[in-house]
Amino acid sequence: MAAAVASLYRRVLPSPPAVDFASPEGKRLFAEALAAGTMEGFFPLVSVFQTQSEPAFCGLASLAVVLNALAIDPGRRWKGPWRWFDESMLDCCEPLDKVKAQGITFGKVGCLAHCSGADVQSFRANRVTIHDLRRHLIRCVSSQDCHLIASYHRKAFQQTGTGHFSPIGGYHAGQDMALILDVARFKYPPHWVPLQLLWEAMNTTDDSTGLLRGFMLISRQTAAPSSLYTVSCRDENWKSMAQYCVEDLPNLLKAENLDNVPALLSRLIESLPADAESLIKWVVEVRIKEEGGPSLSKEEKERLFLKENVLQQVRDTRLFAIVHDQQYANKPCCNCSSPSEEDSLTRIAAVVCCQGAAMLSGNLVPRDAFCCKETCMKCVQANGDGLKTVISGSVVSEGSEQGVDMLLPMSSPGASSCNSNLKNNVIKYPSSVDVLTVLLLALHPNTWLGIKDEKLKAEFQTLISTDSLPDDLKREILHLRRQLYYLKACKEEGCEDAEQPSPKQQS
């Protein structure tokens, strides 16, 4: 049993080298920096500033502050009707319980910022100089559209603790000092530090990765964020997919026996890593609970309609039709296996439809003999009993296809994934075919240059071309392409973390 730790009320800020922001000297530095124009970034940061909610959440708190300061819309609710970044929402790259126990590394914070819709430039201390740091810092603190998050070791400032993250709120050029807005406000107040010491604190090694710390610049993306799909690197599966896309796939394309599109797709599908689908996360799926409610705002309805529209545009592509036919020709139905707690609604709906088909046959045909190809959910008015949810599916057995509608025995408007104001009163859910189609479209066009058969190469390049795609889908594909190649760059440059990190960035 671990020994009890005595409670603490803050720490005395070692000064020097730091200068307390609220001290007379700190106020003088602030006033002079404000007059010099290098405190512009301070105001949006302090307007949304928060204290980290856990001792190891300094990276998450720093990022939440910066994302909110940049007025980036998370696109999903925090609490009540409000969309707002909070530490609890920053889990797409690392499970929160792992961060709570071990902290988070420099590479993962950059990944989180990127997945949250920000533009990220990361600089480890071995790749830049103090002059680069000063130049980037002056640019950020002189505007309100970019903020700098520092990753550093507290020892350089004679402070207790180890690795830490905090945003930088200002710079005093005359004394070459930076203002650290420490997110561990329960421990230390905001404080000015010499830039030389901050640089030395960054130029330290994170024992969990063997890599140096550094700083990152976070700003708003000029491109529109994803509306339907995003890349997820939370469970490390992106590493196997990055290897597949960058290394394995080009080698597969060099095979001599590939002379037609079905053969090519068959080879690609058969060779996919087992966790391929989890690389691309369906954004709508994690938001069903909020978007299926009866009290959607006009903005939410428009956003939901856009997602449906993008999904339909995916299914209207010729590539989708070919992938669909190829996938179902090559393997038995995978949607209809018994669902588990973590299965998607698509799989659960498929199971329900197969059960319904078996019932309609008088149970003469077992459920396992049916394959549900497509599903959707819709709302119907049930004779004065309000809206009810119906799962509809296209079920195949022994070559024959039939439609099945299953009325859910209980359905409340809050739980229903329907909205009566949407086109055809239907919300469609992406399938594995949608995800695979989007992944193929999102890969860089140069990926396919290794195809040896020139006729096949030309035909396939036409299939995956984004030139003729609708604008909404084109933006979605280009957004995913940027995310995929951001992760590729992380893999190549070593900015991701060790497989089993030890306790690291702490307050």
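Trainee: How many bridges join strand S2 to S9, and in which sense do the two strands run?

Mentor: The model is a predicted one. In it, strand S2 (residues 118-124) is joined to S9 by 7 bridges, and the two run antiparallel.

Trainee: Which other strand pairs with S9 in the antiparallel sense?

Mentor: Strand S3 (residues 146-153) does, over 6 bridges. Here Cys146 stands opposite Ser219 in S9.

Trainee: Is strand S9 mostly covered or mostly uncovered?

Mentor: S9, spanning residues 214-220, is mostly covered, with 6 of its 7 residues buried. For the protein, 52% of the 507 residues count as buried.

Trainee: Let us turn to helix packing. What describes two packed helices?

Mentor: Two quantities do: the angle between the axes and the distance between them. In this structure, helix H3 (residues 58-69) and helix H5 (residues 106-115) have axes that come within 10 Å and cross at roughly 30°. Angles under 35 degrees count as roughly parallel, so H3 is roughly parallel to H5. The crossing of H3 past H5 is right-handed.

Trainee: Which residues make the contact between H3 and H5?

Mentor: H3 contributes Gly59, Leu60 and Leu63, while H5 contributes Val109, Leu112 and Ala113.

Trainee: How many helices and strands does the protein have, and what share of its contacts links residues 24 or more positions apart?

Mentor: The secondary structure comes to 16 helices and 15 strands. Among contacts with a separation of 6 or more, 69% are between residues 24 or more positions apart. The protein exposes about 23,000 Å², of which carbon and sulfur atoms supply 53%.

Notes
Residues are numbered from 1 along each chain as its sequence is written. This is a predicted model: local features need pLDDT of at least 70, side-chain atom pairs count only at pLDDT 80 or more; totals for chains, interfaces and linings use all residues. Side-chain values use heavy atoms; hydrogens and water are left out. Helices (H or I, at least four residues) and strands (E, at least two) are DSSP runs, numbered from the N terminus. Buried means under 20% relative accessible area, exposed over 50%, partly exposed in between (1.4 Å probe, protein chains only). Contact means heavy atoms within 4.5 Å. Accessible areas come from the Shrake-Rupley method with a 1.4 Å probe; for residues, only the protein chains shown count as cover. Two strands pair if DSSP finds at least two bridges between them. Axes are lines fitted to C-alpha atoms, for helices over the stretch in contact, and angles run from 0 to 180 degrees between N-to-C directions. Angles under 35 degrees count as roughly parallel, over 145 as roughly antiparallel, 65 to 115 as roughly perpendicular and the rest as oblique. A crossing is left-handed if the near helix is turned anticlockwise from the far one by less than a right angle, and right-handed if clockwise.
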